[in-house]
Amino acid sequence: MSGTGHASLTIIEPPAEQFQHDAHDVAGDLTHRRVLRKALGSYDAAFKKAKGRFLDHDDAKRRAARIKRDAVEHLSDYLEEFERNVHRNGGQVHWAQTADEATQIILSIAKNAGVTHVVKSKSMATEEIHLNDSFEKAGIEPIETDLGEYICQLRGEPPYHFVTPVMHLTKRDIADTFEEKLHIERTEVAEELTMIAREKLRDAFTTSLMGVTGGNFLVADVGMIAITENEGNARLCFSLPDIHVALVGIEKVLPRMADLALFWPLLATSGTGQHLTCYNSLIGGPRQGAETDGPREFHVILMDNGRTRLLADPEQRDAAQCIRCGACLNVCPIFKNVGGHTYGTTYQGPIGAVITPHLRGLKEWKHLPYASSLCGNCTEVCPVKIDIHHHLLHHRRNAVAQGLNTWTERLSFQMWRLGMKSVLAYRLVGAMSRIGQFFYRLFWLDQGWLPTPIDGWTKSRDLPEIASQSFRDWWRKEGSSL
Amino acid sequence: MSDASREAILNCVRRALSAPSEKPAWLGHPETPGPFFSLPEPTISACRDRFREELTSLFGEFHEAKSMADARTWLATFSQSLPPSSKILSAGGASLDPLLTGLENIVPINPAGSSVDWAKAAAGITLCESLVAESGTIAVSAAQTGRAGSILPPIHLVVATADQLVPDLDTSLARLRERYPDALPSTMSWITGPSRTGDIEKILVLGAHGPKRLLVLLLPAGSLD
């Protein structure tokens, strides 16, 4: 299979082992590193430029964080206000506690209308519930219309990055995919590839009875959802079909329409390094009396699917402020090394490592908070000031407190504690290490071997040499004369 | 089922939020009120200059007409620049009749509400709600021009008047609420440049799904009243 940096085809359970396996493969893939470096380099330049347009970007971030904090801390009130206003505009609101419930609601809307195919714009919430699989099982064809998502769908791959789905692919990879799946004459020109997708999807837009979108914001005071995009496919999805369905997480609330004057440029700056994305839309219902076109039905599905578990953790609640800009991925040294697919989650990178354990359980996903150098880049760039890297530490602490760490880890820390608490034990360990080192270097150095379970250390590193004399001994001999 | 889920979710949220969260340090930091970006002077000429600069930097096209006659001449030239027998549809309603009547290839859609096949149009003409000078953005609404006319045809031509220029996004949002105090249009879009994508190796391509060309024809204030 062509393409770089995607997770292996081998399915390994549990997710932690899959992560280790894929991280190892991807980190050594030089083509992948080159592609990623280029993409992130151009993001970085654009981001700096867009950020420079703010008179005071730090102040704008604080103002945004304050608004989102208020939205999250009063979420139930704002959700009820949102619902009342959607009803007033003639739209319908559904509530889904789980992925299954959300899927059932969407499928029943589709079946009632007798749709054969649906057009979809980019939506991580629908990725989260694997909506496309459910559509297919129900005999309804889902058609991804965002260019990146369309390419993912053709390749049968999940998005690599929740803002830039095919960041890891080259023109050549995409040309291969189009040639193989669409049976067209080969081209590696980005513009021509884009125009091929445009032409292929025109019919889908004009013939589909149902459009499915996500939503970047739920604007409470007007009962409208806000969608940010560049291509125009979301606008086509909510303009042409008879029915518009939007699946949105409950945490996406903004209190007021006026807040968008800050959030639209802030999201564009952090997301793609634009001052404003090409299209920022508000959708508040089906077509109104005198309007010339637009859907007859407008449905918003407000989905929990684990989000209330995040809210219930007061220490990490600010992670619910996330506006999914993806900036924390783009600056993360781990993301740059292991790539997006390795995470195995809908939300990759640092913010994914914070929220996934809440959405899907700490037990299976506790390895993600460890996939961090704790450098704090993520926290620094976050436009809504989520304390991301500290939350990674909080998860680690919680995992230990709940006894979810391995017995080897527990044993090592017990021994470390023992050694640090007793002078005798400390000296004994030092002396034994120097003797052990002699034999290690004599017999096993070339193989870089340490016995299981501590062999993880020497797989990619040399064992540092232990000094022949301890500081304690040196001080006793030389220190007093200084 | 949905009502039970509604209650369950709202109760879960309320219960979750009953445990207070710690106040982060930044919360105590004083805020600087005022605009987020450097804005043009709130005069028509300053806003127009800034709007033109921003729009054209994003590959949008701009023409300022000094009179209705000038606008008609420009529109005729635009229409002739398209392949022969291209159909240009206008969702601008009756207010654009004086501008468009009799122009070759341009079909005003009157009355509003008639079913239109936008997919066959070479270009769509719409009005707008406001022009945002700071970012070169055009606000359109379904109440004024429907939904498809400004997104489906490969060319979008916006007819605006100089009194629709506003300095920033904030004012543009506020103006819509003033104009529609009882019920906002069912959709509103803020358009900043022609449709684009950078999904393939971050290479900029215009006309991903929406219009490849975006043109603004600016008329003197009050021309369409």
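What percentage of the 225 residues in chain B is buried? Buried residues make up 53% of them, buried being under 20% relative accessible area, exposed over 50% and partly exposed in between (1.4 Å probe, protein chains only). The model is predicted: local features need pLDDT of at least 70, side-chain atom pairs count only at pLDDT 80 or more, and totals for chains, interfaces and linings use all residues. Residues are numbered from 1 along each chain as its sequence is written, chains are lettered from A and ligands numbered from 1 in the order in which they are written, and side-chain values use heavy atoms, with hydrogens and water left out.

Figure 1. Strand β9(A) covers residues 279-283; strands (E, at least two residues) and helices (H or I, at least four) are DSSP runs numbered from the N terminus. Because 5 of its 5 residues are buried, β9(A) is largely enclosed by the rest of the structure. Tyr279(A), Ser281(A) and Ile283(A) point one way, while Asn280(A) and Leu282(A) point the other way. In a regular strand the side chains alternate between the two faces of the sheet.

**Figure 2. Pairing of β9(A) with β6(A).** Strand β6 of chain A, residues 224-229, runs antiparallel to β9(A) and is joined to it by 5 bridges; two strands pair if DSSP finds at least two bridges between them. Ala226(A) has Leu282(A) as its bridge partner in β9(A).

**Figure 3. Pairing of β9(A) with β9(B).** Strand β9 of chain B, residues 187-191, pairs with β9(A) in the antiparallel sense over 5 bridges. Opposite Ser281(A) stands Ser189(B).

Figure 4. Chain A holds 24 helices and 10 strands, and its C-alpha atoms fill a box of roughly 95 × 55 × 45 Å along the principal axes. An automatic or database domain assignment gives domain 1 (29-308) and domain 2 (415-481). The centres of these domains, taken over C-alpha atoms, are separated by 54 Å. Of the 482 residues of chain A, 59% count as buried.

**Figure 5. Chain B.** The chain has 6 helices and 12 strands, and its C-alpha trace spans about 70 × 50 × 45 Å along its principal axes. Among contacts (heavy atoms within 4.5 Å) between residues at least 6 apart in sequence, 70% join residues at least 24 apart. Chain B exposes about 9,400 Å², of which carbon and sulfur atoms supply 56%, by the Shrake-Rupley method with a 1.4 Å probe; for residues, only the protein chains shown count as cover.
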